[in-house]
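This report walks through selected parts of one protein model, element by element. Please keep the sequence and the structure in view while reading.

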Amino acid sequence: MTLPTFDKELYTTSNSFGLLRKELIEHLGYDHAKTFLLRYGWNLGVAHAKEVDRMQLGLREKLDSASSYHLNTGQITDLVTERVLHLDDHDNIKEIYAKGVWINSYESSEHLQHFGVSEQVACHTLAGYASGFTSYLTKKEIYIIEVTCRARGDAECAFEMKALEDWDKETQSYVIKMNHSRMIDELNTTYEQLYQEKRLTELVSIFHNNLTKGLTQGMKLEQLLETIYETLDTPVVLQDLNLKPYLTAGITLEDLDGLYEDFAKQVGQTRSGKLLLKPIEPEHPLQIDGQKHTRLVCPITVHHQVIGYISFIYPTQTKQLEFERDFIQRAATVCSLHYLNEKSSLEAIENMKAYFFEQLLQKQYTSKSSMNYRSYLMEIDLSQEFFIGNVKILKNNMQIKEQQILSKVIQTFTIYLEMHKIPIFITSFQDEIIFLMQKQPNTMEIAESIIKHLQRSFKIYDFRIGISRTIQDIEDIPEAHQQSIIALNIDKKQSIVLFENTSIISSIINSHNKASIVQLAKHELKAILELKEAKKVEFLKTLYIFLKNNGNLQQTMFDLSLSMSGLVYRIQKLEDLLNKNLRNSKDSFELMFCIEALEILGEVEIE
């Protein structure tokens with residue numbers, strides 16, 4: 001059987017119709033809204049029946065086509081029905097009866113979402129449609145009554161169909177009243193509201209179509225924001241995890257700066273001036289009402305991780321933003337899909353960058369000029385100042401080196417910086433995460449935002465970043481790599497350590513003298529390093545604390561929680577082992593240098 005097609009149909013989402021249905025019930029009351037929805041369904045059924053009636057089909061086939069409309073428009077996902085239909089020789093109705101179940105009725109789902117469990121059945125449009133469709137084709141008054149409904153807490157949405165005369169008196173009275181009620185009465189009381197709802201429905205359709213089209217055509221993020229602004233006539237802003245704006249449409253960054261204090265007063269600030277925004281679920285955008293403006297904020301998530309925020313900006317006056325929440329959720333979803341699309345296309349590029357970076361780290365190249373040119377094509381100019389960073393992942397103070405974890409962190413790290421338009425080389429090298437970044441005017445601020453993002457994304461781990469001095473020659477990259485490692489080893493308390501802020505000893509050590517310094521230091525401390533592990537740790541720490549305190553016995557006793565006699569014994573033992581006078585400034589300096597050098601290079605652990 002060929003199914004009918006209907007001209008001039010406006011399809012909309014169940015969510016949009018659910019919002020319209022919600023407004024009808026809230027403004028007309030349930031009984032009036034129910035009548036309206038039944039009449040609406042009835043008229044829709046009659047309109048479609050007229051189309052079907054033009055087809056060269058028998059009455060039975062025409063009636064069968066009703067289910068196709070429900071299924072094709074997504075009002076239900078399936079229909080289970082049993083029908084009794086007896087016709088005379090002229091295709092007229094002698095007897096008609098049916099019962100069935102609407103599977104996954106959109107109307108019951110929308111009612112549950114907006115109102116919760118109902119005291120009455122809720123699938124009025126479906127019942128009205130089937131009644132009008134059947135009545136027009138059979139030339140009899142046929143009514144479908146829903147008898148159970150999921151919105152009422154029943155297991156299924158079940159219905160019965162009978163001719164008017166076959167229903168009981170109470171049902172006959174109800175359907176006659178419904179059939180003769182003046183729909184114009186309800187329409188007059190809510191005409192303006194319905195007009196606005198119609199415009200909203202059209203806007204929803206245009207908005208979704210424009211964003212979907214933009215996404216499939218590969219629009220850049222800036223173009224998607226412009227599309228959102230042009231469609232909704234609402235300024236839109238993209239912000240990072242620290243709520244710092246980096247892309248806008250419909251509002252300038254200068255104008256946004258003028259609203260900063262108004263926004264900050266509502267969300268709060270830390271002592272350092274950073275904004276504090278409570279966690280937001282994507283399904284529940286946050287409305288923030290300031291004195292100068294209202295802001296609707298929704299997180300942008302990738303792989304269930306928040307990577308930034310999208311905000312709509314509204315004028316001062318108080319405004320209910322129920323419908324706008326759907327728009328911003330859709331906008332956030334499109335931004336997320338954009339980043340995912342970018343991620344898939346960038347993976348191959350990032351693998352190529354990682355291999356290139358490893359070549360630089362190991363000096364596996366013959367021409368500096370060719371490497372500089374290749375890096376320039378990858379959007380990093382190595383003729384300008386840059387630095388090397390080392391990311392250490394810790395769990396319970398133990399370094400994590402599993403490749404699977406390193407890969408996930410690199411992926412998160414890369415997506416975050418790509419979102420902020422900061423080019424980077426990053427790779428897993430010798431079980432550590434190493435990255436190269438061009439010098440920025442706000443390097444520490446960027447590093448802090450990276451740490452914060454990683455902590456949010458991987459809550460069970462701690463992260464530290466060591467940063468080398470800035471360099472301007474690719475031949476210095478291995479040396480800068482060592483500096484980033486040294487920075488982390490010499491200051492284990494800070495989450496971000498700049499090599500340039502470390503001690504003189506760390507500056508003396510470089511890749512050329514590293515091996516000889518280790519050999520010299522181990523030779524000087526040989527007598528301690530050859531002790532059993534427990535004794536080695538005990539004596540090495542005692543020596544370090546004593547030298548750090550410039551030979552002050554009282555302070556050393558306090559720091560080590562030792563008795564004076566116990567400390568004096570250890571000092572004498574150390575002098576015997578090392579054949580040194582620990583109160584001699586020259587001996588003390590040399591020993592302190594040896595200990596710190598070994599600690600910086602990761603050969604020993606002191607504290």
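## Strand 14 and its partners

N390 stands opposite G466, a residue of strand 14. This pair belongs to a predicted model, in which strand 10 (residues 386-395) and strand 14 run antiparallel and are joined over six bridges. Strand 14 itself covers residues 462-467, and five of its six residues are buried, so that the strand is mostly covered.

Strand 14 also pairs with strand 15 (residues 496-498), here in the parallel sense and over three bridges. G466 takes part in this pairing too, with V497 as its bridge partner in strand 15.

## Helix 16 and what covers it

Helix 16 comprises residues 443-457, and its 15 residues should span 21 Å at 1.5 Å a residue, which agrees with the 21 Å that separates its end C-alpha atoms. Which residues of helix 16 are buried? They are T443, I446, A447, S449, I450, I451, H453, L454 and S457.

The cover over these buried residues includes strand 10, strand 14 and strand 15, together with strand 9 (305-314), strand 13 (432-438) and helix 15 (403-419).

Four strands make up an open sheet with antiparallel pairing, arranged in the order 1-2-4-3. Strand 1 (78-87) and strand 3 (142-148) are at the edges and have a single partner strand each, so one side of each is left without a neighbour in the sheet. From one strand to the next, the twist averages 15 degrees.

Strand 3 runs antiparallel to strand 4 (residues 157-163), to which six bridges join it, and within this pairing Y143 has K162 of strand 4 as its bridge partner. Helix 6 (residues 124-138) packs on the sheet, where it touches strand 2 (93-103), strand 3 and strand 4, and its direction makes about 155 degrees with that of strand 3.

Strand 7 and strand 8 (residues 294-302) run antiparallel and are joined by four bridges, with D289 standing opposite T294 of strand 8.

Helix 21 (residues 533-548) has 16 residues and reaches 22 Å from its first C-alpha to its last, close to the 22 Å expected at 1.5 Å a residue. Its buried residues include F539, L540, T542, L543, Y544, I545, F546 and L547. Among the elements that cover the buried residues of helix 21 are helix 20 (526-529), helix 22 (553-560), helix 23 (564-578) and helix 24 (585-600).

How do two packed helices come to be described? The description uses the angle between their axes and the distance between the axes. Helix 21 and helix 22 pack at an angle of about 135 degrees, and their axes are 9 Å apart; the two helices are therefore oblique to each other, and helix 21 passes helix 22 in a right-handed crossing. On the side of helix 21 the contact is made by K541, T542, I545 and F546, and on the side of helix 22 by L553, T556, D559 and L560.

## Residues with a positive phi

Most residues other than glycine have a negative phi. N396, although it is not a glycine, has a positive phi of about 55 degrees. N396 lies in the loop between strand 10 and strand 11 (398-399), and with a relative accessible area of 67% it is exposed, because exposed means over 50%.

S561, likewise a residue other than glycine, has a positive phi near 55 degrees and lies in the loop between helix 22 and helix 23. At 65% relative accessibility, S561 counts as exposed. Just after helix 21, N550 takes a positive phi of about 55 degrees.

Methods. Residues are numbered from 1 along each chain as its sequence is written. This is a predicted model: local features need pLDDT of at least 70, side-chain atom pairs count only at pLDDT 80 or more; totals for chains, interfaces and linings use all residues. Side-chain values use heavy atoms; hydrogens and water are left out. The expected span of a helix is 1.5 Å times one less than its number of residues. Buried means under 20% relative accessible area, exposed over 50%, partly exposed in between (1.4 Å probe, protein chains only). Contact means heavy atoms within 4.5 Å. Two strands pair if DSSP finds at least two bridges between them. Axes are lines fitted to C-alpha atoms, for helices over the stretch in contact, and angles run from 0 to 180 degrees between N-to-C directions. Angles under 35 degrees count as roughly parallel, over 145 as roughly antiparallel, 65 to 115 as roughly perpendicular and the rest as oblique. A crossing is left-handed if the near helix is turned anticlockwise from the far one by less than a right angle, and right-handed if clockwise.
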